[in-house]
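Please read these notes with the model open beside you.

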Amino acid sequence: MTKDNIFKNIISDPIMVERGYLKEDEVDDLSINDGGENKIIKIIKIAVSGVVDKDSETSISRYINQSLNS
Amino acid sequence: MIIEKIEIENFMCYSGYNIFEFCEGINVIIGDNAYGKSKLYDAFYWVLYDQIFVSERKEFVNTAIVGSELISDKVKYESVDGEVSASVSITFNNKEQDRVYVLRRTYTAKIEGGEVVKNNNKNSVLIVIDKEMSFLSGSLIDDENQKQLIINKILPRNLKRYLWFQGEQVESIIDFNDQGALTSAINVLSNMSYYETIVNIAKRTFDEVNNEYNKKLRNQSRDIEQSVKLDNQKKTAEQGHRNTKVYLDQTKENIARAEEKCELLFSKVADAEAISKFNQKIKKAQDELAELKKLLDNENSNFIRALFQKKWLLKGMNSIGKEYEEKFFRYDKNKLEKINKKQILSELTSGTIETRLPINVPEPIYVKEMLDKERCLVCGREAKKDSDAWKAIEELLITKKNTADSNVNDQIFKNNFREEFYMLYRNHISIEDNKMPFIEEEIKDSIICRRNLKIKIIDLQNIIIEQNEKIHEIIGDSSIDCKSAEHILNEYAVMRDKKELYILEKNKWERQIADYILKIEQLNTELGDLVKGEIPNYLIEKKKILSDFLDIATSTRDRVFNGLVSRLENEANVHYTSMTKGNQATRGKIRLKKLPNGNYMPEIIDDEGRVMLGYNTGNLILIKLATIMAIVSASSTDNKVKYYTLITDAPFSVFGDDYTIGFCKAVSMVYRQSIIMSKEFYKNEALKIQLMNDSDINIGRVYMIRPSSIECERDNRNNLSTIIESLN
């Protein structure tokens, strides 16, 4: 299971479209390596990368926090 | 990661240098019981974990405990002084990462005078070599942590129980009695842990931002006191919400347990109900029987009484009665005559009556002569026989005789039974007085009544026998006895009631949770209303994003898990079908049932979705194996386990020959490499040929092993080694 698999699984959740973070046709085209300013996608990427790289939960959540403060 | 080879030197029954080379596919080591299969499994396990499986204890035991038992008896026997050692080396090849790992474990013992000296250094030594295949250069790993990391890479500890197991352990791989076992197996074997961790991170970050947000709300309040009050209320509500969620989870667990218990009992309830029904019938019949027996006893007593009291005894004695009547009349007449005669005689002798001739004149001798001659010798007239004159002469003789017999006649008066005889006569008269038809009816009624009672008694006895037979039939087919039947029914009723109560309780908690959520929302609004100025947009946005992130992470985890379970179910059925192909028995279909607490339990259903209960141990183990294979294959992108080798010793021992080929096919589908020790192919040549030629089986290397000992050497292991023959 690659980072991209997990990332795609998360962004394809119906809530993403329901709450307006993505349009339905955008889901398939997105990859974990793509850039972009969508904040929720940004934190999902941080979470997925951190978890797969076995970073600690504390440092991942700190990193997410920081990224949302900027 | 592929196991290339295992080299074994003086390890248990493998004396001298031995080598098994393996490739992708199913590698099979064939050998009869005690030929060295389990020792080969031990060799693998020992290298990685410094333990071997001790069958007597049914557990893995450390080298420190086993000690010199690890070393071949042959080597120990042949050595007088010096050191002997056992060593096993496994070469793992990770083609994807261009790496080769060589793990070699050695245990050394001292021999003095042919005896093993107690080894103070009880530990074995593990050497790990990490090589880059392309350059054939390798480095020796000294750091123990590094060694453990490599071992964990070869076979992660949490996967060990699902990938390396012995036949004896198969049953315990997944404990179906533990509701969380399957869920935890799914978590271990799949990538669910990633999603679980992401949910944890989402919770943590949301809590942090929520605290930050609440702090801001308080600081910007125009009524700090009120804000603090509301905030405290909110905290209490949040705590209540958390507690109620815990209660809800507990109640869900209880519902799941009650449901499971109900289901477990349900399979027995039908039998228990039948037994109970039959028992009730028996009880009813026994009560009726006791009543009828009492009635019959009563009726019997009445009958005997009536025989005498109602003179039923005399029924059918009419002719005897008549005869008796005649006899009685004769007796009575005779008696009267005798009385009369006696009286006349008495009067004659006393002279009260005068006769034509004096008494005793003429003499009887002359009277007889007159009767013979039919003539009166006194007057000379003729007296023809039976004429009046003749009878008158005869009377003279009788009178004389009577006088002579007077003593005898007296007996009639001495034993006077007339009264008794008369009573008997009266009895006869009473029967004759047209009472007989009535008596006959009474007797008939009584006999019919008694006969009916006896028929009813026999019927009831037959009912009891019949119901008992039915009960024994059920007892024979199931494990329930009469006593436990009632217990099962009671327990089932209790469990059903409990389940109902828990469901009510669950509804109550759910209502409370909804109330808390509403309350928290209200308090949030009230707190918001107290804020003077603006909460920074970044904070509002951050809170919103992290709240949504938490929802998305949770939803994704559940969605992925449910999807995995669904895939798992399909794949488990593919493997189950494949494994059961060679057997004719009903197999059903595996269904992973979701429990109220969110856990999953496998069950077997028929084609109409009804649960099939009472499948045998073999099936149960096949379900476990199929489920494990499904977890392994469903979580792998190409349905093949690329990185880990399945090593199993005697996996078929619990489910028999019919499933052997099916199991190999299923293993072929799931595992890139497997090493299976089996005796099933040892004597069954056809099975062995099928194994090596079936196109659905990706066969690797096949070896036959056998002990070297000849007949005269079988009393000990002093000359034991293992002969390895490659079959392909």
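1. Helix axes here are lines fitted to C-alpha atoms over the stretch in contact, and angles run from 0 to 180 degrees between N-to-C directions. Helices (H or I, at least four residues) and strands (E, at least two) are DSSP runs, numbered from the N terminus. This is a predicted model, in which local features need pLDDT of at least 70 and side-chain atom pairs count only at pLDDT 80 or more, while totals for chains, interfaces and linings use all residues. Residues are numbered from 1 along each chain as its sequence is written, and chains are lettered from A and ligands numbered from 1 in the order in which they are written.

2. In chain A, helix α3 (residues 39-52) packs against helix α4 (residues 57-69) at an angle of about 160°, and their axes are 10 Å apart. α3(A) is therefore roughly antiparallel to α4(A). The cut-offs are under 35 degrees for roughly parallel, over 145 for roughly antiparallel, 65 to 115 for roughly perpendicular, and oblique for the rest. Two residues are in contact if their C-beta atoms, placed from the backbone, lie within 7 Å. On α3(A) the contact includes Ile43(A), Ile46(A) and Ala47(A), and on α4(A) it includes Ile60(A) and Ile64(A). By class, the residues of this contact are eight nonpolar, two polar and two charged. Ala, Val, Leu, Ile, Met, Phe, Trp, Tyr, Cys and Pro count as nonpolar, Asp, Glu, Lys and Arg as charged, and the others, Gly among them, as polar.

3. α4(A) also meets a helix of the other chain: its axis and that of α8(B) come within 9 Å and cross at roughly 55°. That angle makes α4(A) oblique to α8(B). Ile60(A) and Ile64(A) are among the residues of α4(A) in this contact, and Ile201(B) and Arg204(B) are among those of α8(B). The contact has three nonpolar, five polar and three charged residues.

4. How many residues of chain B are in contact with chain A? There are 20, and they touch 21 residues of chain A. On the chain B side, α8 (192-219) and α16 (537-579) each supply at least two residues. α16(B) gives the most, with 11 residues. This side of chain B divides into eight nonpolar, six polar and six charged residues.

5. Chain B has 20 helices and 17 strands. Of its 728 residues, 27% count as buried (20 or more other C-beta atoms within 10 Å of a residue's own; 12 or fewer is exposed, and in between is partly exposed). Among contacts in chain B between residues at least 6 apart in sequence, 72% join residues at least 24 apart.

6. A nonpolar core is a set of buried Ala, Val, Leu, Ile, Met, Phe, Trp, Tyr and Cys residues joined through C-beta atoms within 7 Å. The largest has 88 residues, and Ala43(B) and Ala626(B) touch the most other members. Helix α17 (residues 617-634) of chain B gives the most to this core, with 10 residues. Leaving aside neighbours within four places in sequence, Ala626(B) is in contact with residues including Ala572(B), Tyr576(B) and Ile590(B). A second, separate core of 33 residues includes Ile11(A), Val52(A), Tyr195(B) and Phe206(B).

7. Is Lys483(B) buried or exposed? Lys483(B) is exposed, because 9 other C-beta atoms lie within 10 Å. Lys483(B) lies in helix α15 (residues 482-530) of chain B. Its C-alpha atom is separated by 9.6 Å from that of Ile275(B), 208 residues apart along the chain.
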